Amino acid sequence: MASFAHDDASVAVIIGSGAGGGTLANELTQKGVKVVLLEAGKRQSSATFVNDEWPSFSQLAWLDKRTTSGTWRVAKDFPNLPAWTCKTVGGTTTHWAGASLRIQDHEFKARTHYGDIAGASLMDWPIGLADLEPYYAKAEAKMGVTRTNDNAGLPGNNNFKVMYNGAKKVGYKKCSTGHMAINSHYRDGRSGCLQLGFCFQGCKSGAKWSTLYTEIPRAEATGKLDLRPESQVVTIETKGGKVTGVVYVDASGQQQRQKARLVAVAANSIETARLLLNSASNEFPDGLANSSGQVGRNYMRHLTASVYATFEQPVHMYRGTTMAGIVQDEVRLDPSRGFVGGYEMETISLGLPFMAAFLNPGAWGSEFTSFIDAYSNTAGMWIVGEDMPQQTNRVTLNHDVKDANGQPVPNVHYDDHPNDLAMREHAYKAGKAIYDAVGAKKVAFVPPYPSTHNLGTCRMSEDPKLGVVDKHGRAHDIPNLFISDGSQFTTGAGENPTLTIVTLAIRQSDYIADAMSKQLV
Amino acid sequence: MADLPLAEPTLTRSTLLRGTGALIGTIAAGSILATLAPSRVWALELTSLSQPDGETILSFAQVLYPHATLPTAVYAFVVRDLDKAAAKDPDLAAKVHAGCGSLDAAANGSFAKASPAAQLAAAKSIEGAPFFATVRGTCITALYDNPLAYAHFGYEGASWPRGGYLHHGFNDLTWLPNPPADASPTLGSL
């Protein structure tokens, strides 16, 4: 591992070490680029992860104060926790469940195919599936996605058996254990899945792909990576229209300044937008890369509803891979259902502590406890659906509330769009139908909880007036500033976003290396 | 994971009385939890809550989250957590004491001794109060995140110490047919 000087202006600074930043760091260092990787959280490992939901949450989750507004239920249930993302080396790839799905071609052209939806700020991406296919292939190979390359699918667990049998009875055709970045057998120096459960708590066997123990150690091995954990960036500095470096708070609470040839921001959608806004200066009074006024806007979080059902017989849904299987029949374009966009149904399970916390936040009484009583006979699924981008769903700075570093916290405003509500209603019914088909006793419609899929706050656009970054994730306004996480997503699509974030990072690394060699950045 | 509040039954009355009160009970001999606890007799010494308030909170927790066969010892975790928090926070202690008073008033006497219907009505009558939210929130973390609750509700907790569920029932469900291999491949060698 390298150590670069704070005044070394030849380094690339990457902010955030998750799917986007961790991947970009590895790709760039493999090409010989010197990288300083700043991560706000501490470094954990498979050895330090814990199979215990609340302690793990304390260990991995981003718990810095945030505020919320809007009519979404999260603002009432979790007013200071709008998102379930991570503050740790590896970022939210420590917590993600591993579902690795390509965005469909028509989803990249949402405005064209969905039409003009009132209240929605739909726009086509400046790239399509054809542009990303070679990079999707690289990402799948790197991550060891099941049912790609030579990687067998994972064996389904009990929760999947319930989903599969119900789905078939309902008439769904596309149900399997899916495309997962979880080793089904020993591969790439990591073990096969031990069906531990606790995918959300950091994988103790290392079977699930995370930048923590794949991309980052490989980048370190090049001798070109200077990883600095517990280093939280507070501002990005500019001069003459270009980024010159960043100011961050280190583990001891001291402010440091790191010079940079270029900066790539991959801090997850809320923090990425916050950082650009918090870097406002005389030169960029509205925040960095914000001449379009789109920084922080179009915040998307997927539908994030769940359906749980209880049965006469045991299920033990918590045993084995959390996202053990998927139904993909509803992730299609079919406005006859009463909404545009589509959704995936994926098995999910929560341990008893989180089941109690998330099943129906704020609820009490015998209806609630009847579900807890049936915990071991419960099956569950999560709905991942495309929510509409809206100009008013946005991350802003809340100057009335300051974090530990004295910086304004982000406020996340969100109102459900009528299309989101219609899709969620449809998905609840579809999930219930699956479970009713195999004899469900009771079904619970679980409201959206803090989302792990946070997207769109620095959207990609062809026209610099309509978005923040170009098709390579480069800021329209600042040639040596890049966005490298899900903030880039022009629209949300119906798929779990990580594979696409990794894919975009691989593609961006080619662009950056080329631009550097041509002295363009 | 929460610690057990259960003390050995050898505690003397004079030892207990060093605190502000104590809740004592027994776990039914037939309960699977009897094998997990150090003794069937459990005792919780209070350090800040009064004895009557402790009993009120215990009853309140049972009204909020009724489980027909969950031993009272598990509900005592709620009292323990609030007692601990109140010991460090005088404002909270005052809120809990006043809240217990409001429950008694709503039940026209003693909430702990009121009928189930009167207890439910009293609980509903204070639903919007901060005290209600405090106790309710404490219930969620205290009741359902401890080894007694895990055993009672059938959650097996940490799986890493025994190598995961790969050879411990991850796919042992037999009341539905197994999916075909193309949807759910059988496991080859790891």
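This report describes a predicted model, beginning with chain A as a whole and ending with individual residues.

## Overall form of chain A

Chain A contains 13 helices and 17 strands. Its radius of gyration is 22 Å, close to the 24 Å that the globule rule gives for 521 residues, so chain A is as compact as a globular protein of that length. Along its principal axes, the C-alpha trace of the chain spans about 65 × 50 × 45 Å.

Of the 521 residues in chain A, 70% are buried. Among the contacts in this chain with a separation of 6 or more, 76% are accounted for by residues 24 or more positions apart.

## Surface and charge

## The interface between chains A and B

The size of an interface is often given as the accessible area lost when the parts come together. Between chain A and chain B, the buried area is about 4,300 Å², with carbon and sulfur atoms giving 63% of that area. On the side of chain A, three residues stand out: A:Lys161, A:Arg319 and A:Trp364 supply 19% of the area that chain A buries against chain B, more than any other three residues. In terms of contacts, 56 residues of chain A meet 49 residues of chain B.

## Two residues with positive phi

Most residues other than glycine have a negative phi. A:Glu230 has a positive value, near 50 degrees. This glutamate lies in the loop between β5 (225-228) and β6 (232-239) of chain A. Its relative accessible area is 29%, and A:Glu230 is therefore partly exposed.

A:Ala289 also has a positive phi, near 60 degrees. The loop that holds A:Ala289 runs between α9 (269-278) and β10 (305-310) of chain A. With a relative accessible area of 2%, A:Ala289 is buried.

## Buried residues of chain A

A:Arg424 belongs to helix α12, which covers residues 418-436 of chain A. This arginine is counted as buried because its relative accessible area is 8%, and the cut-off is under 20%. Apart from neighbours within four places in sequence, A:Arg424 is in contact with A:Leu303, A:Ala305, A:Asp416 and A:Pro448.

A:Gly492 is found in the loop between β17 (481-483) and α13 (498-517) of chain A. This glycine is buried, with a relative accessible area of 0%. When neighbours within four places in sequence are left aside, A:Gly492 is in contact with A:Met300, A:His302, A:Glu386 and A:Leu455. The C-alpha atoms of A:Gly492 and A:Ile348 are separated by 21 Å, and these two residues are 144 residues apart along the chain.

## A helical residue of chain B

In chain B, B:Thr138 is part of helix α6, which comprises residues 130-143. B:Thr138 counts as buried, at 13% relative accessibility. Not counting residues up to four places away in sequence, this threonine touches B:Val78, B:Asp81, B:Leu82 and B:Leu143. B:Val79 is 59 residues from B:Thr138 along the chain, and the C-alpha atoms of the two are separated by 8.9 Å.

Definitions and conventions
Residues numbered from 1 in each chain as written. Chains lettered and ligands numbered in written order. Predicted model: local features only at pLDDT ≥ 70, side-chain atom pairs only at ≥ 80, totals over all residues. Heavy atoms only, no water. Helix = DSSP H or I, 4+ residues; strand = E, 2+ residues; numbered from the N terminus. Rg over C-alpha atoms; globule rule 2.2 N^0.38 Å. Buried < 20%, exposed > 50% of the residue type's maximum accessible area, 1.4 Å probe, protein only. Contact = heavy atoms within 4.5 Å. Buried area = accessible area lost by both parts, 1.4 Å probe.
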